[in-house]
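I opened this one to see how its pieces pack. Here are my notes, in the order I looked things up.

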Amino acid sequence: MQTGDLRPIVVALMLGATAVPAHAATIQIVMENLVVSPAAASAKVGDTIEWVNKDILAHTATARNGDFDVTIPPKQTATLVLKKAGDVAYYCRFHPNMKATLAIAP
Amino acid sequence: MFIRCGAALAAMTLLSGGALAESAKLTDPQIAHIAYTAGVIDIAAAKQAETKASNKDVKAFAADMVRDHEAVNKQALELVKKLNVKPEDNDTSKALSKQAADKLAELGKLNGAAFDKAYVANEVAYHKTVNSALETQLIPSASNAELKDLLKTGLKIFQGHEQHAEHVAAELK
């Protein structure tokens, strides 16, 4: 009787346990005064990168290896879901001094 | 080269005392006018470069200048409107505009790689002049905190432009 009552809870716990690691994170990276911070960020495939542009200028997050090229309009936020693992160096095409890296784990 | 340095020096002299020495301190309406004029000048130079430049990095740099300086000047216009400040023409703005018109005419006679080199070299020199004026004259003289902040933001942006221009210039060699 008692074990029967516990079964749904056990199932729920198991589901919870498997669901947590699979849940994708959102990583926020801020561009302000032509500086990207953090300049080095880590993420996993499936995570979402959210670039917040606090400047009055347009910026881009452009991967040197060609994996992505995201434009972030002034005072706006742009997102990208990571699809591929690897260490990616990216920069702003409009302001090439703005450089950063993303370490993307599988 | 001599003409360019001469123009830069003349602007520096004006900005760092010279004609303005007796007026002791620039007023906010004058500062706003100088900063806005400096932006307009670089936009005009960039638009000329967008049509005349042959190197793709130079063309991209020119497009960056138009985009950024228009964005900064838009902010400047919004700010002076908000503060109810009427930008006031002055000797420094006039001198800057005159030199810029001469430079535009001079660059207008050049073509191809010669134009690219001269435009980028002038961008390096021009941003150096403006940044130095911002740092030593305009920012310290600004009374209104919001104007000061916008000038500081401008300085950060234009320092980036100076480095970008230097990088493009180095690539052209």
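**Helix pairs in chain B.** Helix H2 covers residues 28-52 of chain B and helix H4 residues 91-108; they pack at an angle of about 5°, with their axes 9 Å apart. This is a predicted model, so I kept in mind that local features need pLDDT of at least 70 and side-chain atom pairs count only at pLDDT 80 or more, while totals for chains, interfaces and linings use all residues. For bookkeeping, residues are numbered from 1 along each chain as its sequence is written, and chains are lettered from A and ligands numbered from 1 in the order in which they are written.

Some terms I noted: helices (H or I, at least four residues) and strands (E, at least two) are DSSP runs, numbered from the N terminus. Axes are lines fitted to C-alpha atoms, for helices over the stretch in contact, and angles run from 0 to 180 degrees between N-to-C directions.

I then listed who touches whom, taking residues as in contact if their C-beta atoms, placed from the backbone, lie within 7 Å. H2(B) brings residues including Ile34(B), Ala38(B) and Ile41(B), and H4(B) brings, among them, Leu96(B), Ala100(B) and Leu104(B). The contact of H2(B) with H4(B) holds nine nonpolar, seven polar and no charged residues (Ala, Val, Leu, Ile, Met, Phe, Trp, Tyr, Cys and Pro count as nonpolar, Asp, Glu, Lys and Arg as charged, and the others, Gly among them, as polar).

Next came helix H5 (residues 112-141) of chain B, whose axis comes within 11 Å of that of H2(B) and crosses at roughly 170°. H2(B) and H5(B) are therefore roughly antiparallel to each other. Ile34(B), Ala38(B) and Asp42(B) are among the residues from H2(B) here, with Phe115(B), Tyr119(B) and Tyr126(B) among those from H5(B). This contact of H2(B) with H5(B) divides into eleven nonpolar, one polar and two charged residues.

**Chain B overall.** I counted six helices and zero strands. Of the 173 residues in chain B, 38% are buried (20 or more other C-beta atoms within 10 Å of the residue's own; 12 or fewer is exposed, in between partly exposed, with C-beta atoms placed from the backbone). Among contacts between residues at least 6 apart in sequence, 81% join residues at least 24 apart in chain B.

**Where the chains meet.** The contact takes 13 residues from chain B and ten residues from chain A. Which element of chain B gives the most to the side that touches chain A? I found H6(B), with seven residues. That side of chain B divides into three nonpolar, six polar and four charged residues.

**The sheet in chain A.** I found an open sheet of four strands, in the order S2-S1-S4-S7, with mixed pairing; two strands pair if DSSP finds at least two bridges between them. Strands S2 (35-37) and S7 (77-81) of chain A stand at the edges with a single partner strand each, so one side of each is left without a neighbour in the sheet. The twist averages 20° from one strand to the next.

S4 (residues 48-53) and S7(A) pair in the antiparallel sense over five bridges, with Trp51(A) opposite Ala78(A) and Ile49(A) bridged to Leu80(A). S1 (residues 26-32) of chain A and S4(A) pair in the parallel sense over six bridges, where Met31(A) stands opposite Asn53(A).

Terms used. Two residues are in contact if their C-beta atoms, placed from the backbone, lie within 7 Å. Angles under 35 degrees count as roughly parallel, over 145 as roughly antiparallel, 65 to 115 as roughly perpendicular and the rest as oblique.
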